[in-house]
Amino acid sequence: MNTGFLLIIIIGVVGFIVQSRLQSVFGKYSKVLAPEGMTGREAAEKMLRDYGIRDVKVVSTKGHLTDHYNPSNKTLNLSSSVYNSNSVAALAVAAHECGHAVQHAEGYTPLRMRSALVPLVQFSSTFAQIFLILGLLLINVFPGLFWLGIAMFVMVVLFSVITLPVEYNASSRALAWLERSHSLAPVQVEQASVTLKWAARTYVV
């Protein structure tokens, strides 16, 4: 079997395992309620206020675990399973996304670097797999297709490498705030930490 094709299969399998584990952990801690009954939206708004950030809007977005902070329009987008939920998992995710808003407000360098790469990475992530598969099928006719796919894949990997410190820093800020604000009990902060660690591992894959 071609080495490149085998690599694609391995990455796909590992990615599936990590995503499945994240869904399992999120589901588990979605059943553990926050002590004060605070929802993800309320936690996000409170964390933003505590950091003096007044120009970021917290909104609900479609999908499951589609939560993200958009620096271009300063919106903190929370999926319905986070926005309206008062669970440990919801507060963990909401506070994590607030961590990105804080990074943006403070001019966190790795976040600025990641934002600059987004357009190029969006193109590469869309077409890298297509070029890799076509390149493998036509390796003897158009070998350049395969190497173009590899170059796109490397760009996505580079983006992930830059993303890791951004994600871990946002999680660190989130956990510190959840503990400091007493939004979660100490044991629940640990549960939130487990949730965010598995979310970060999706970027490793």
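This is a predicted model: local features need pLDDT of at least 70, side-chain atom pairs count only at pLDDT 80 or more; totals for chains, interfaces and linings use all residues.
Local features need pLDDT of at least 70 and side-chain atom pairs count only at pLDDT 80 or more, while totals for chains, interfaces and linings use all residues. Residues are numbered from 1 along each chain as its sequence is written, and side-chain values use heavy atoms, with hydrogens and water left out.

**View 1. Helix α4 against helix α6.** Helix α4 spans residues 88-106 and helix α6 spans residues 143-180. Helices (H or I, at least four residues) and strands (E, at least two) are DSSP runs, numbered from the N terminus. The two axes come within 7 Å and cross at roughly 115°. Axes are lines fitted to C-alpha atoms, for helices over the stretch in contact, and angles run from 0 to 180 degrees between N-to-C directions. α4 and α6 are therefore roughly perpendicular (65 to 115 degrees). Their crossing is right-handed (the near helix is turned clockwise from the far one by less than a right angle). Contact (heavy atoms within 4.5 Å) involves, among others, L91, A95 and H100 of α4 and A170, R173 and W177 of α6. The contact residues comprise nine nonpolar, six polar and three charged. Ala, Val, Leu, Ile, Met, Phe, Trp, Tyr, Cys and Pro count as nonpolar, Asp, Glu, Lys and Arg as charged, and the others, Gly among them, as polar.

**View 2. Helix α2 against helix α4.** Here the axes come within 8 Å and cross at roughly 35°. This crossing of α2 and α4 is right-handed too. From α2, G40, A43, A44, M47 and L48 meet A90, L91, A94, A95, C98, G99 and A101 of α4. These residues divide into 10 nonpolar, two polar and no charged.

**View 3. The largest nonpolar core.** The core has 39 residues. It is a set of buried Ala, Val, Leu, Ile, Met, Phe, Trp, Tyr and Cys residues joined through side-chain atoms within 4.5 Å. L78 and L184 touch the most other members. Elements giving two or more residues include α1 (3-29), β3 (75-79) and α7 (186-204). The largest share, 11 residues, comes from α4. Beyond four places in sequence, L78 contacts residues including A44, V58, D67, Y83, A94 and E97.

View 4. Y83 lies in helix α3 (residues 80-83). Y83 is buried, at 17% relative accessible area (buried means under 20%, with a 1.4 Å probe and protein chains only). S60 is 23 residues away in sequence, yet 6.1 Å from Y83, C-alpha to C-alpha. Not counting residues up to four places away, Y83 touches T39, G40, R41, V58, V59, S60 and L78.

Conventions. Angles under 35 degrees count as roughly parallel, over 145 as roughly antiparallel, 65 to 115 as roughly perpendicular and the rest as oblique. Buried means under 20% relative accessible area, exposed over 50%, partly exposed in between (1.4 Å probe, protein chains only).
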